[in-house]
Amino acid sequence: MYEKWLADRTQWFDASGIRKVFDLASKLKNPVNLSIGQPDFDAPDSAKQAAIEAISSKKNGYTPTQGAAALRTLLQKQVDDQYGPGVRETFVSSGTSGSLFLALMTLVNPGDEVIIFDPFFVMYDALVRMLGAKPVYVSTYPDFHIDVNKVEAAITDKTKLIILNSPANPTGTIASEQVCRDLAELADRKQIALISDEIYKFFCYDGEFASPAKFSKNVIVLDGYSKCYGVPGWRLGFAHGPSEIIQQMLKFQQYTFVCAPSALQYGIIAALDTDMEPLLNAYRRKRDLVYDGLKDHFEIVKSEGAFYSFPKAPTPSAAEFVNKAILERELLVIPGNVFSSQDSHFRISFAASDETIAKGVEILVDMVKK
Ligand code: PMP
């Protein structure tokens with residue numbers, strides 16, 4: 001009976017790929033877990049205290065749709081300092097996932113084409129399909145860097161939007177300043193929207209972070225606090241972009257999320273003063289542990305950012321290799337076909353203790369040798 005109740009859009013995307021991994025994982029007693037998409041460090045104490053304080057002092061009501069005034073003011077100032085006053089409007093969202101949903105609701109019509117880079121963050125593909133639009137993949141294999149000529153070649157008269165994610169999940173690559181400039185200029189020339197998902201911008205190990213927003217006022221930036229302050233469960237993110245777009249996103253926020261979690265917005269204000277540099281250094285070392293440990297045994301691109309590495313499996317099917325790793329060696333990694341039209345690579349998350357990373361690397365190397 002329920003089948004008849006279900007809206008058509010429930011059939012347009014599925015979550016089976018990642019669920020299969022979780023099902024397999026649930027059978028393991030003590031897995032070496034390199035699958036997790038959140039930092040292994042906790043929120044700064046100052047942030048926790050400020051959130052507790054906010055709850056105790058009755059900051060438990062709704063905030064304005066665009067965020068608690070104290071946080072929104074700081075955020076707007078940060079963005080104004082970087083991009084100039086009056087150029088970009090900001091608001092606080094329920095995570096970057098929240099602002100991504102709002103942005104797509106605002107921009108995408110059924111039948112539109114949305115360019116995403118393959119491999120991609122799973123949510124892009126699912127949300128685009130959920131809205132009845134078509135994801136158009138531009139491959140970044142084998143080195144995972146973006147070729148803007150390929151993007152231009154993929155544009156049709158149905159293309160509405162390009163979604164950039166740098167540093168990237170699942171590949172750990174960073175778009176250079178030149179690529180950001182070329183993409184922003186291409187989008188402007190073709191009058192296509194460009195979303196820049198910058199949630200991993202704190203995690204840049206070798207060079208500076210670049211944003212296409214530096215080159216065009218039209219770019220819609222989505223960002224969040226989950227990863228850089230170790231608070232993914234707080235569901236706090238933000239967006240900035242042209243006022244006309246942001247106002248429409250706020251309209252959707254008003255009737256869906258209503259506002260971001262109230263007390264936690266006060267927690268984040270305290271977090272903004274924390275020096276996170278030592279954690280960045282720790283994550284650079286974790287990146288090195290993975291790369292140095294695997295480079296002689298796997299085809300692997302050195303991650304430049306985020307906390308993922310995306311090596312090629314030594315067998316024709318990465319999914320089979322990952323199944324074997326999980327079932328025979330209790331090593332949890334994610335098969336690349338969850339993030340891609342290709343089943344050739346797998347994702348390692350190095351958001352784990354150094355000890356867990358070392359164990360995982362040892363297992364992978366041992367599997368290749370056998
Ligand atoms: N974008 C990317 C690329 C991500 O990897 C994630 C989290 N895995 C998000 C957005 C969403 O993050 P959040 O909703 O926690 O801010």
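## Two domains

Taken over C-alpha atoms, the centres of domain 1 and domain 2 sit 24 Å apart. Keep in mind that you're looking at a predicted model. The domain assignment puts residues 2-43 + 276-369 in domain 1, while domain 2 covers 47-271. So much for the layout; next comes the place where the two parts meet.

## Where the domains meet

On the domain 1 side, 32 residues are in contact with domain 2, which brings 37 residues of its own to the meeting. Between them, the two domains bury about 3200 Å², and 63% of that is on carbon and sulfur atoms. Which residues of domain 1 lose the most area to domain 2? They are Ala43, Glu304 and Phe339, and together they make up 20% of what that side buries.

## Around the ligand

Now for the ligand. There are 13 residues around it, and the ones that come nearest are Thr96, Ser97, Asp197, Tyr200 and Arg235. Sort the shell by class and you get four nonpolar, six polar and three charged residues. Helix H5, which runs over residues 95-107, gives the most to this shell, with three residues.

## Polar contacts and cover

For Tyr200, a polar side-chain atom is 2.7 Å from a ligand oxygen. Ser226 also has a polar side-chain atom 2.7 Å from an oxygen atom of the ligand. With Asn169, an N or O atom of the side chain lies 2.9 Å from a ligand oxygen. How much of the ligand's area does the protein bury? Taken alone, the ligand exposes 400 Å², and the protein buries 91% of that.

Technical notes:
Residues numbered from 1 in each chain as written. Predicted model: local features only at pLDDT ≥ 70, side-chain atom pairs only at ≥ 80, totals over all residues. Heavy atoms only, no water. Near = heavy atom within 4 Å. Polar contact = N/O pair within 3.5 Å; in protein donor to acceptor, adjacent residues only side chain to side chain. Areas by Shrake-Rupley, 256 points an atom, 1.4 Å probe, with all protein chains shown as cover. Helix = DSSP H or I, 4+ residues; strand = E, 2+ residues; numbered from the N terminus. Nonpolar A, V, L, I, M, F, W, Y, C, P; charged D, E, K, R; others polar. Domains from an automatic or database assignment. Contact = heavy atoms within 4.5 Å. Buried area = accessible area lost by both parts, 1.4 Å probe.
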